[in-house]
Amino acid sequence: MERVLVDEETDEIVALVIRRGVLFHHDVVLPIDHVTEVLDGFINVRISDEELDRLEAYHPPPDE
């Protein structure tokens, strides 16, 4: 997990930014609804690898 995205109005976690790929890494936004468990840096999800591959790419804000 690379970062946690939080709704600024409610302070609720809305998504996690995760790194995909073995050789060529890219970060994607994983909506929190797909997460079943987070243990010791491992994230268990209830969607397929194909669905994970179609997640929106994460682009950090310009000030980072």
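Arg19 is partly exposed in this predicted model, with a relative accessible area of 42%. The side chain of Arg19 takes part in a network of salt bridges that also links Glu2 and Asp27, and the structure as a whole holds 3 salt bridges.

**Salt bridges around Arg19**

- The side chains of Glu2 and Arg19 meet in a salt bridge, with a distance of 3.8 Å from N to O. This pair links distant parts of the chain, since Glu2 belongs to the segment before E1 while Arg19 belongs to strand E2, 17 residues apart.
- Side chains of opposite charge can pair when their charged atoms come close.

**The salt bridge between helix and strand**

- A salt bridge joins the side chains of Asp53 and Arg20, at 2.8 Å from N to O. The two residues lie in distant parts of the chain, with Asp53 in helix H1 (residues 49-53) and Arg20 in strand E2, 33 residues apart.
- Are the two partners, Asp53 and Arg20, buried or exposed? Asp53 counts as exposed because its relative accessibility of 51% is over 50%, whereas Arg20 counts as buried because its relative accessibility of 17% is under 20%.
- Glu51 lies in helix H1 as well, and at 35% relative accessibility Glu51 counts as partly exposed. The C-alpha atoms of Glu51 and Val17, which are 34 residues apart along the chain, are separated by 15 Å.

**The nonpolar core**

- Which residues form the largest nonpolar core? This core has 8 residues, namely Leu16, Ile18, Val28, Leu30, Val35, Ile47, Leu52 and Leu55.
- The elements that give two or more residues to this core are strand E2 (13-20) and strand E3 (26-31).
- Leu55, one of the core residues, touches Val28, Val29, Leu30 and Pro31, when residues up to four places away in sequence are not counted.

- Strand E4 (residues 35-39) and strand E5 (residues 42-45) run antiparallel, and they are joined by 4 bridges. Val35, which is also a member of the largest nonpolar core, stands opposite Val45 in E5.
- The hairpin of E4 and E5 has 2 residues between the strands, and within this hairpin Asp40 takes a positive phi near 50°.
- Phe42 has its place in strand E5, and Phe42 is exposed because its relative accessible area of 63% is over 50%. The C-alpha atoms of Phe42 and Asp7 are separated by 23 Å, and the two residues are 35 residues apart along the chain.

**The surface**

- Which residues form a nonpolar patch on the surface? The patch consists of Met1, Val4, Val6, Ile13 and Val38, and together these residues have about 400 Å² of accessible area.
- Met1, one of the patch residues, is found in the segment before strand E1 (3-6). Met1 is partly exposed, with a relative accessible area of 45%.
- The protein exposes about 5100 Å², and carbon and sulfur atoms supply 50% of this area.

**The protein as a whole**

- Along its principal axes, the C-alpha trace of the protein spans about 35 × 30 × 25 Å.
- Of the 64 residues of the protein, 20% count as buried.
- Among contacts between residues at least 6 apart in sequence, 31% join residues that are at least 24 apart.

Notes:
Residues numbered from 1 in each chain as written. Predicted model: local features only at pLDDT ≥ 70, side-chain atom pairs only at ≥ 80, totals over all residues. Heavy atoms only, no water. Patch = residues over 30% accessible without salt bridge, like charges linked within 9 Å, V, L, I, M, F, W, Y side chains within 5 Å. Areas by Shrake-Rupley, 256 points an atom, 1.4 Å probe, with all protein chains shown as cover. Salt bridge = Lys/Arg side-chain N within 4 Å of Asp/Glu carboxyl O. Buried < 20%, exposed > 50% of the residue type's maximum accessible area, 1.4 Å probe, protein only. Pairing = 2+ DSSP bridges. Core = buried A, V, L, I, M, F, W, Y, C linked by side-chain atoms within 4.5 Å. Contact = heavy atoms within 4.5 Å.
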